[in-house]
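The tour goes from one selection to the next.

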Amino acid sequence: MQEKPDNFTVVIFGANSDLAARKLYPSLYELAQWGHLPDEYRIIGVGRAALSQEDFRAQVYDKLLRNSPGIMLDEVRYQAFSDRLFYVRLDFFDTSGYTALYRELLDLSPDRALSEHILFYLSTPPDLAPVIVRNLQQAGLGGYSNSLGGWRKIIVEKPYGRDLQTARELNAVIGKVFSEECIFRIDHYLGKEPVQNIMVFRFSNGIFEPLWSRNYIANIEITIAEDFGIRDRGAFYEEAGLLRDIMQNHALQLLAAVAMEPPVDLSADSVRDEKAKVLRSIRPFLPENAGDSVLLGQYEGYRSEKHVAQDSLVETYAAVKFYIDNWRWKDVPFFVKAGKNLAKTETSIVITFKCPPQNYFGPAESCSYIANQVIFCIQPEETIALRFGAKRPGEAVITDPVYMKFDYKTSFTEAGMTPYHRLLLDAIAGEQMNFIRQDSVEYSWAIVDAIRSAVDGTFPELYPVHSHGPESVVKIYS
Ligand code: BG6
């Protein structure tokens, strides 16, 4: 990890994007308030819209007000922040715009030599990433083009490419312009406190790991459910669908964290080696097996959303049964479900253990009623619960499930950082552990491509808004 630098400029491509408004400006603003940013920091927004410096500063203020109700925002604080905000209008395809960006950076550079640290943040659709990176290189802003001591890094938002081939192409393009340690493929799930805690839970406690395998575990269920639809992202969803939006990244990263082997040490590469091995070991999806291992759904009314085709076959829900073909997990099903417009918003991982060999305590048919479980609730609650059977009070010996629960809110008082606070600081510090390495991105795409081609041509099953998803999800569990 590098030391906190004394200066730093972040250049946000997609300055007017939803992500910048909801996550990047609020995180940067708060990091600045808390004194976590380098003393000399600057934020340059880059976008297509024609905006003056003043318009941009006023718009960022409005965005903070609108999107971040809890933020400590007043005019004096904002003034100090907005003095560091700049805007460059640029058509991403037009190389002359990048020369203008270069000049702006030079003008803002204290030594007028561009020796400071620069972090490029691509908050843009995936197909623009190679274009932007090539143009940065051509303008002399690539990672290898700085000989004056400052670093140049790049954060690339998900989805990283749209399939294996485009991800490989993007890796090849970016790899020519930035070295791997300067490329930060972000998946904000890896910045969530309860997600980071999965590894700590597993490897800092002696009692769980010996049980963490096919010998004791019956199945693992990962759920990423949201009670809202695609919001105003119709155009994006039509291109992406849920498999690309959530399964390829957030869901597979949760699976890797739960299933990985203990790393050699806590270096970024040791941890990422183990995650990559899990992804590599996922049993390939074949069209003949897809019928009972993949289910795609679409919520009723999706086709009436803005920018969505009236005959769209894009999925807003996916349930997939994965197997990991290695010694630890052979034949243990991993049920992974994610969907929009479901009954409630909840991200969880449920590890269900095998039943005891002999069930003395009735009712006999219901071992699964009290099967031991470890339940990670990632959000909205941030808890870990252990479920076990206990005797129901009374004369009869009947067991009921009960829970021992750890809750972040009651066990810790420190206000946590959001994923974007944390991951921005990690990128500035050069800490790669919670960013996705090139090989894992490619393994994940290979998995999602195989799922997509296995179900190619099938219609997603419709499900009612605020339901539990398509009814035939039961087939995945059979
Ligand atoms: C984003 C997806 O990456 O993650 C969205 O594009 C999804 O579709 C969001 O809603 C979920 O993030 P979180 O942190 O709210 O669970």
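Begin with helix α5 (residues 129-138), which lies across β1 (7-13), β4 (118-122) and β5 (152-156) and runs at about 155° to β4; axes here are lines fitted to C-alpha atoms, for helices over the stretch in contact, with angles from 0 to 180 degrees between N-to-C directions. Helices (H or I, at least four residues) and strands (E, at least two) are DSSP runs numbered from the N terminus. The model is predicted, local features need pLDDT of at least 70, side-chain atom pairs count only at pLDDT 80 or more, and totals for chains, interfaces and linings use all residues. Residues are numbered from 1 along each chain as its sequence is written, and side-chain values use heavy atoms, with hydrogens and water left out.

Next, select the open sheet of six strands, whose order is β3-β2-β1-β4-β5-β6 with parallel pairing, where two strands pair if DSSP finds at least two bridges between them. Its edge strands, β3 (85-89) and β6 (183-185), each pair on one side only. Zoom in on β2 (residues 40-47), which pairs with β3 in the parallel sense over five bridges, and find I43, whose bridge partner in β3 is L85.

Now show the side chain of L101, which, leaving aside neighbours within four places in sequence, is in contact (heavy atoms within 4.5 Å) with residues including V11, F13, I44 and V88.
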